[in-house]
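Please read the report below alongside the sequence and the model. It takes up a sheet, a core, several elements and the confidence of the prediction in turn.

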Amino acid sequence: MQGLIFSLLLLGTTAAPQQTPLAFLGEEVAPGEARQLEWHPSESFIGADVTTPVLVAHGPHPGPTLCLTAAVHGDELNGVEIVRRVFHEVDPQALRGTLVGVPIVNLHGFRRSSRYLPDRRDLNRYFPGAPGGSSASRIAHSFFDSIVRNCDALVDLHTGSFHRTNLPQLRADLRQRPVLDLTRGFGATVVVHSVGAIGTLRRAATDAGVPAITYEAGEPMRFQPSEVEPGVAGVQTLMRALGMTRKRTLFGDPEPRYYTSRWVRADQGGILLSEIGLGDEVDAGDVLGSITDPITNERSLLQAPHAGRVLGMALNQVVIPGFAVFRIGIETAADAVSSAAQWNGPSAWWDRVGTDWEDPDQPPVASEAVPRLLPPSPLSEVEDLEAHERPE
Ligand SMILES: [Zn+2]
């Protein structure tokens, strides 16, 4: 009887595209299922196999494959928590497309609270890697080939590095239209234009046709709820914009704010004491902090070279000359970066990858329609400051 009712229900709906099982990492994930799979980097210590958990939620309806990666730098913890929260709040039965979450890419570094791999290499300089390369390059290649190439879009989660902290922000190559679309889908957040250093996961993925953005928030070695929460909200907003979920997220103003940035560096070694905080607006000439030589008592002031907003800063510590201390963002508009970023609606990539809730078996609720991406404000020319940036 139940079967008959079910069949009648099926007959009563218009045929909607049904998802097929997902073949991934040697396993098969059924539509509507959430699974924990394992990625096996080919390189390991002393022959011991290292298995890295990969979370996969495969929705019952077709849609984009969004990948979330965290702890590529093993000491950057906020992203681990962002992946956990986003993944476990997703209902796989109600998902369109597929969500892939790798909470800890660099398990070696994570176990030792280290940014690096065991050989002191920075994994985020070796993507897409090579099968016959160094240990880091082989791990990067294995990860890139078995996971990243299966993604339609990627959000790589990071924090500040080396005792620095970042205002929650996206890093994105705004010259790439699909990447610009991703930043717009993320909602109200700070977006810093950056091409991305060669070898970063973000750059390699984008170059391979998988548009990628980096979310940077807070400092390494900590779990910081105030940095995690906007990241969770941003990813959930992006999933909704891509049509993967219908969940309403309250993220305030949906328009991101675009910045370029410059670092203010120490010209003297000594004890850094900051006088401003993350997110502060500063004017040219404002005192940002001081550096005092603990032996000679010689003291110098760090001043803002131009007006802007503090997007990143070093925690109070001993610094050496040349150390990047304050990252001052200059607000701009996305299409200032290049004419490729001029906004005339979502790109062909977005139209192809994004799904639509207006399918016959899932009538949209009027108030929950997928938000349309907003047109940009006018832009002015900005320079690409990538060469002066700190590593991601
Ligand atoms: Zn990082």
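## An open sheet

Strand β12 (residues 270–274) and β17 are joined by 2 bridges and run antiparallel, and within this pairing Gly270 stands opposite Val319 in β17. Strands here are DSSP runs of E with at least two residues, and helices are DSSP runs of H or I with at least four, both numbered from the N terminus; two strands count as paired if DSSP finds at least two bridges between them. The pair belongs to an open sheet of 4 strands in the order β15-β14-β12-β17, with antiparallel pairing. Because β15 (299–303) and β17 (318–319) stand at the edges with a single partner strand each, one side of each is left without a neighbour in the sheet.

## Basis of the model and overall make-up

This is a predicted model, in which local features need pLDDT of at least 70 and side-chain atom pairs count only at pLDDT 80 or more, while totals for chains, interfaces and linings use all residues. Residues are numbered from 1 along each chain as its sequence is written.

The protein has 8 helices and 18 strands, and buried residues make up 48% of its 392 residues. A residue is called buried if 20 or more other C-beta atoms lie within 10 Å of its own, exposed if 12 or fewer do, and partly exposed in between, with C-beta atoms placed from the backbone. Two residues are in contact if their C-beta atoms, placed in that way, lie within 7 Å; among contacts between residues at least 6 apart in sequence, 70% join residues at least 24 apart.

Strand β7 (residues 153–158) is mostly covered, with 6 of its 6 residues buried. Ala153, Val155 and Leu157 point one way from β7, whereas Leu154, Asp156 and His158 point the other way.

β7 pairs with strand β5 (residues 61–70) in the parallel sense over 5 bridges, and 5 bridges also join β7 to strand β10 (residues 212–218), again running parallel. Val155 takes part on both sides, standing opposite Leu68 and opposite Ile213 in β10.

## The largest nonpolar core

A nonpolar core is a set of buried Ala, Val, Leu, Ile, Met, Phe, Trp, Tyr and Cys residues joined through C-beta atoms within 7 Å. The largest one has 90 residues, of which Ala70, Val148, Leu154 and Val325 touch the most other members. Domain 1 (18–258 + 376–388) and domain 2 (262–329) both give residues to this core, so it lies between them; the domain bounds come from an automatic or database domain assignment.

Leaving aside neighbours within four places in sequence, Leu154 is in contact with Cys67, Thr69, Val148, Ala205, Val210 and Ala212. Ala70 lies in strand β5 and counts as buried because it has 28 C-beta neighbours inside 10 Å. Beyond four places in sequence, the residues that Ala70 touches include Gly79, Val80, Ile82, Val83 and Leu157. Ala70 and Thr214 are 144 residues apart in sequence, yet their C-alpha atoms are 9.9 Å apart in space.

Helix α2 (residues 78–89) has 12 residues and reaches 17 Å from its first C-alpha to its last, close to the 16 Å expected at 1.5 Å a residue, where the expected span is 1.5 Å times one less than the number of residues. Its buried residues, among them Val80, Ile82 and Phe87, pack against β4 (52–58), β5, β6 (96–102), β7, β10 and α7 (225–241).

Helix α4 (residues 135–146) also has 12 residues and reaches 17 Å. Its buried residues are Ala136, Ser137, Ile139, Ala140, His141, Phe143 and Phe144, and what covers them includes β3 (33–39) and α6 (201–207). Ala136 counts as buried because it has 24 C-beta neighbours inside 10 Å, and, beyond four places in sequence, Ala136 touches Leu117, Asp119, Arg121, Leu123 and Tyr126.

## Confidence of the prediction

The protein averages a pLDDT of 83, and 79% of the residues score at least 70; pLDDT is the predictor's confidence in each residue, from 0 to 100. Among the elements, helix α1 (residues 2–11) has the lowest mean pLDDT (43) and β7 the highest (98).

Over residues 1–15 pLDDT stays under 50, and the model has 4 contacts beyond four places in sequence for them. Residues 358–391 also stay under 50, and for these the model has 59 such contacts.
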